[in-house]
Number of protein chains: 2
Amino acid sequence: MPRTGRRPGETGTRERIAEAARRLFAERGFDRTSVRAVAAEAGVDPALVHHYFGTKQRLFIEAVDFPIDAVRALETLAVDDAERVGERLVRFALQLWDDPVVLPRLLGVLRSAVTDPQAAALLARLFTRQGPIQLLRALEADQPDLRAELVGTQLVGLAVARHVLRVEPLASADHETIVAAVGPTMQRYLTGDLGRTRSS
Amino acid sequence: MPRTGRRPGETGTRERIAEAARRLFAERGFDRTSVRAVAAEAGVDPALVHHYFGTKQRLFIEAVDFPIDAVRALETLAVDDAERVGERLVRFALQLWDDPVVLPRLLGVLRSAVTDPQAAALLARLFTRQGPIQLLRALEADQPDLRAELVGTQLVGLAVARHVLRVEPLASADHETIVAAVGPTMQRYLTGDLGRTRSS
């Protein structure tokens, strides 16, 4: 058991544990990741993980928490040409998920949300309430909750297909191919008429 | 299948185990379901589960396998008015997921696919290759693989939102509200132009 210099290294140790947890949650999901495994990955005693984070649940929440700037950036998508906000949202999401800071957090949440209720609540918040809903308020859309959730369904499905199931050709398609294919979907969910089916 | 050597009651026991497994996989996902728990739920010895199904993996595959009729029915959606095939696909999926025979299988796959590779392969096949791809071949669409996967992303996201995360108002929205909102998305993915963003 390596015992790092406690006082100067405290922040470093905490962050090392969080990073180890993030890696394991991303690879294995919540269920298959134990506190013991996180401790081993970080090279610390399991007691230290509990000391810093309490339960595995709390460790998970902190480890996968998205950088706040990424979420706030969503609001800025509403400025400019409102007819292209759907494209901008898809492009933003694709770039965000490819970010090495964000991808392990995304995978950790996706891999955990389907079985763990707290991870599910986090995913629901991330993909609907916390993210798109701000954008919809800025767009002053009707039925913002339903719209935010429709946007969330397409984003979750896209993230799962590209980063978890990795189905081809979708997983390797370049960003602009996906923006062209999915952008109009987002545009309809954000600003289109949801009450009528297409007349064409 | 040869029936030699089958004792009376064998089929009943096998099916009781499969049903118990289906219930537990649907509630807890693959990781949190043990062969021992399935045996207890079915009221049989764990050795009997191994006798009939071998590994937990094989038990999973058999327990969540979709009724073949449901998958084949997808192909029939291509007949009639091609401009409304998107609506028909959404309506078909919503009805299918509400079917008490199908829902536990769907939940079992969704709750397992994000961490278990075999379940992931099954989900990928169900939502793309096995299902929509037949419909796309019938429609003679270009880029059938990409289209099938785009359809899959929207279906997976919708199923997760309604049946796993249960976000409101989407989870309680009636079928026709969702058909109106998501039908045009499906229509674009099935028959629309994916290479250009909307000009309007």
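Which residues of α11(B) are buried? They are Ile178(B), Val179(B), Ala181(B), Val182(B), Gly183(B), Pro184(B), Thr185(B), Met186(B), Gln187(B), Arg188(B), Tyr189(B) and Leu190(B), where buried means that 20 or more other C-beta atoms, placed from the backbone, lie within 10 Å of the residue's own.

This is a predicted model, in which local features need pLDDT of at least 70 and side-chain atom pairs count only at pLDDT 80 or more, while totals for chains, interfaces and linings use all residues. Residues are numbered from 1 along each chain as its sequence is written, and chains are lettered from A and ligands numbered from 1 in the order in which they are written.

Helices are DSSP runs (H or I, at least four residues), numbered from the N terminus. A kink of about 40 degrees lies at Val182(B), shortly before Pro184(B), the bend being the angle between axes fitted to the seven residues ending at a residue and the seven starting there. The cover over the buried residues of α11(B) includes α10 and α11 of chain A, together with α6, α9 and α10 of chain B.

Between the chains, 42 residues of chain B are in contact with 42 residues of chain A, contact requiring C-beta atoms, placed from the backbone, within 7 Å. α10(B) gives the largest share of this side of chain B, 14 residues.

| Class on the side of chain B touching chain A | Count |
|---|---|
| nonpolar (Ala, Val, Leu, Ile, Met, Phe, Trp, Tyr, Cys, Pro) | 20 residues |
| polar (the others, Gly among them) | twelve residues |

Key. Helices (H or I, at least four residues) and strands (E, at least two) are DSSP runs, numbered from the N terminus. A residue is buried if 20 or more other C-beta atoms lie within 10 Å of its own, exposed if 12 or fewer, and partly exposed in between; C-beta atoms are placed from the backbone. Two residues are in contact if their C-beta atoms, placed from the backbone, lie within 7 Å.
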